[in-house]
Amino acid sequence: MNRPQIVRFAAFVTVLAVLLGYVVYHRTSPNATAYTTVSPQKQQAQSVTNLENYFVNYRMHRDRVMTEEIATLKALISNPSISQSAKDEATATMVRDTQELKEETQAEGLLSARGFPLSAVTITQNKAVVVIGASNLDSEQIGRIADTITEVTSLPPQDVVILPKS
């Protein structure tokens, strides 16, 4: 991955984080009071909104951390007092992190298309953790999720951890 692609990707992640922040900001009501009677339907809607906010906040935090890490790695790479081996290691780390973020985003998009719109995926070199917005999952759903992650990452199914979140 060359430098212009990395810069474009960092800009894309930044814009995405700003847009997600805008959505979260405008979804919360500034006039909400702490002591109100809530109907069961409204309570369920608030629960869904809280769950949606969890996933939006998770992605925003992940993108912010990744942007900061990329900036730090770029500073290391461009620092003339750093050894070439350290620069090579920083470059390899930046490429690996960017690839993992790309796989996470791709997996979340595929999970959404396959019926799991509330999901957060974390991928490392040897494991994937998938948080799904559901109170429980049946074996068919777990199989679809695991298949999606192994399709994107090439990790074996036993290295995919699936956690329901309600």
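Helix 3 and helix 4 pack with their axes 10 Å apart, at an angle of about 145°. The model is a predicted one. Helix 3 passes helix 4 in a right-handed crossing. Both helices also lie across strands of an open three-stranded sheet: helix 3 across strand 1 and strand 2, and helix 4 across strand 1, strand 2 and strand 3.

**Contact of helix 3 with helix 4**

- From helix 3, the contact is made by Glu103, Gln106, Ala107, Leu110 and Leu111.
- Helix 4 contributes Ile145, Thr148, Ile149, Glu151, Val152 and Thr153.
- By class, the residues of this contact divide into six nonpolar, three polar and two charged.

- The open sheet has three strands in the order 1-2-3, and its pairing is mixed.
- Strand 1 (119-123) and strand 3 (160-165) stand at the edges; each has a single partner strand, so one side of each is left without a neighbour in the sheet.
- Neighbouring strands of this sheet are turned against each other by 15° on average, direction ignored.
- Strand 1 and strand 2 (residues 128-133) run antiparallel and are joined by five bridges.
- Valine 121 stands opposite valine 130 in strand 2.

**Helices against the sheet**

- Helix 3 runs at about 150° to strand 1.
- Helix 4 runs at about 135° to strand 3.

**Threonine 98 in helix 3**

- Threonine 98 lies in helix 3, which covers residues 84-113.
- With a relative accessible area of 3%, threonine 98 is buried, because the cut-off for buried is under 20%.
- A polar atom of the threonine 98 side chain lies 2.7 Å from the backbone oxygen of methionine 94.
- Isoleucine 70 is 28 residues away from threonine 98 along the chain, and their C-alpha atoms are separated by 8.6 Å.

**Threonine 150 in helix 4**

- Threonine 150 has its place in helix 4, residues 139-153.
- Threonine 150 counts as buried because its relative accessibility of 19% falls under the 20% cut-off.
- The side chain of threonine 150 has a polar atom 3.0 Å from the backbone oxygen of aspartate 147.
- Leaving aside neighbours within four places in sequence, threonine 150 is in contact with Leu155, Pro156, Pro157 and Val160.

Notes:
Residues numbered from 1 in each chain as written. Predicted model: local features only at pLDDT ≥ 70, side-chain atom pairs only at ≥ 80, totals over all residues. Heavy atoms only, no water. Helix = DSSP H or I, 4+ residues; strand = E, 2+ residues; numbered from the N terminus. Buried < 20%, exposed > 50% of the residue type's maximum accessible area, 1.4 Å probe, protein only. Polar contact = N/O pair within 3.5 Å; in protein donor to acceptor, adjacent residues only side chain to side chain. Contact = heavy atoms within 4.5 Å. Axes fitted to C-alpha atoms, helices over the stretch in contact; angles between N-to-C directions. Left-handed = near helix turned anticlockwise from the far one by under 90°. Nonpolar A, V, L, I, M, F, W, Y, C, P; charged D, E, K, R; others polar. Pairing = 2+ DSSP bridges.
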